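Please look over the structure below.

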Amino acid sequence: DYALTEGINYIDTAYKYHEGESENFVGAALSKHPRDSYYLADKMPCWLCESREDVSRIFEEQLSKCRVDYFDFYLLHSLGDGDLETVEKIQAIEYLLTEKEAGRIGHLGASFHCTPEFLREVLTKYGDALEFIQLQLNYMDWDINGAKALYEVAREFNKPVIVMEPLRGGMLAKPLSQAACQILDDASSCGYPSYALRFVNEQEGILCTLSGMSELDCLKENIEIFSGPAMTDAEKSAIDEAVKVLQADILVPCTGCNYCYEC
């Protein structure tokens, strides 16, 4: 309620989030707000589908759980290298385009955890259908794990980007290295989340930057960050130096997404 009151209007959910309960919660939470006061984004878990009928069934279920008649933004969820064969087998894009034509999807896109080569393959083949993409972008992954290269492919195809994991699973909200923290502190008193969120949000072509918040204080801090000044050159230089230290100190580059829990 506070987020909507303060101008945050893009709400992101998915079929598998919170062990399948996220859509139910979002539907209940938004039900008392006017439908035109927010943008709702949901996602199709193609890995759970064997056919076009499965895509249709899950889509209908999502509308029901979210208590809406349409999604403003809808994505093929978490596409990785090799997933295009599944997407084509179940005719996911073809089906979702019919829902877009019917007015039950405002904008169709896809989220990716993949190589730049796979992203280019998908956009080359389906760039006309996919209006936007969602990528994991943050200053830690920018050069080390190829986030910049993915972003550059998005710019090449002129696709607006929704940013996920800007804080890298929370790691960049409180960097694990004291040396890296000192570098950031010496350049600015803005705070660690501010460094990370503004770094990605100020890149050209960013449509929206997602941030998961569990406490009201974090929400208020984010609103202040996005309402504040742009990054300074000193802050940008500090990030470059901090990344070098973090790269040496972090042994396991986990983002805390918990997608591995089922295995």
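The model is predicted: local features need pLDDT of at least 70, side-chain atom pairs count only at pLDDT 80 or more, and totals for chains, interfaces and linings use all residues. Residues are numbered from 1 along each chain as its sequence is written, and side-chain values use heavy atoms, with hydrogens and water left out.

**Helix packing**

Two packed helices are described by the angle between their axes and the distance between the axes. Helix H6 spans residues 116–126 and helix H8 spans residues 147–156. Helices here are DSSP runs (H or I, at least four residues), strands are E runs of at least two, and both are numbered from the N terminus. The axes of H6 and H8 come within 9 Å and cross at roughly 20°. Axes are lines fitted to C-alpha atoms, for helices over the stretch in contact, with angles from 0 to 180 degrees between N-to-C directions. H6 and H8 are therefore roughly parallel to each other. That term covers angles under 35 degrees; over 145 is roughly antiparallel, 65 to 115 roughly perpendicular, and the rest oblique.

From H6, the contact uses Pro116, Leu119, Arg120 and Leu123. From H8 come Ala149, Leu150, Val153, Ala154 and Glu156. Contact means heavy atoms within 4.5 Å. By class, the contact of H6 with H8 has 7 nonpolar, no polar and 2 charged residues. In this scheme Ala, Val, Leu, Ile, Met, Phe, Trp, Tyr, Cys and Pro are nonpolar, Asp, Glu, Lys and Arg are charged, and the others, Gly among them, are polar.

**Salt bridges**

Side chains of opposite charge can pair when their charged atoms come close. A salt bridge here is a side-chain nitrogen of Lys or Arg within 4 Å of a carboxyl oxygen of Asp or Glu. The count comes to 15 salt bridges. The table lists examples.

| Pair | N to O distance |
|---|---|
| Arg104 and Glu60 | 2.5 Å |
| Glu88 and Lys125 | 2.7 Å |
| Lys244 and Glu241 | 3.4 Å |

Arg104 lies in the loop between helix H5 (92–101) and strand S4 (105–112), and Glu60 in helix H3 (residues 52–66), so the pair ties together parts that are 44 residues apart in sequence. Arg104 is partly exposed at 22% relative accessible area. Partly exposed runs between buried (under 20%) and exposed (over 50%), with a 1.4 Å probe and protein chains only. Glu60 is also partly exposed, at 35%. Glu60, Glu99 and Arg104 are linked in a network of salt bridges.

The salt bridge of Glu88 and Lys125 links distant parts of the chain, with Glu88 in helix H4 (residues 84–89) and Lys125 in H6, 37 residues apart. Glu88 is partly exposed at 30%. Lys125 is exposed at 52%.

Lys244 and Glu241 sit 3 residues apart in helix H12 (residues 233–249), so about one helical turn separates them. Lys244 is exposed at 53%, and Glu241 is partly exposed at 39%.

**Loop positions**

Asp81 is in the loop between strand S3 (71–79) and H4. Its relative accessible area is 45%, partly exposed. Which residues does Asp81 touch, not counting those up to four places away in sequence? They are His113, Cys114, Thr115 and Phe118. Asp81 and Thr115 are 34 residues apart along the chain, with C-alpha atoms separated by 6.8 Å.

Gly170 lies in the loop between strand S6 (161–164) and helix H9 (178–187). Gly170 is partly exposed at 35%. Gly170 and Gln182 are 12 residues apart in sequence and 18 Å apart in space, C-alpha to C-alpha.
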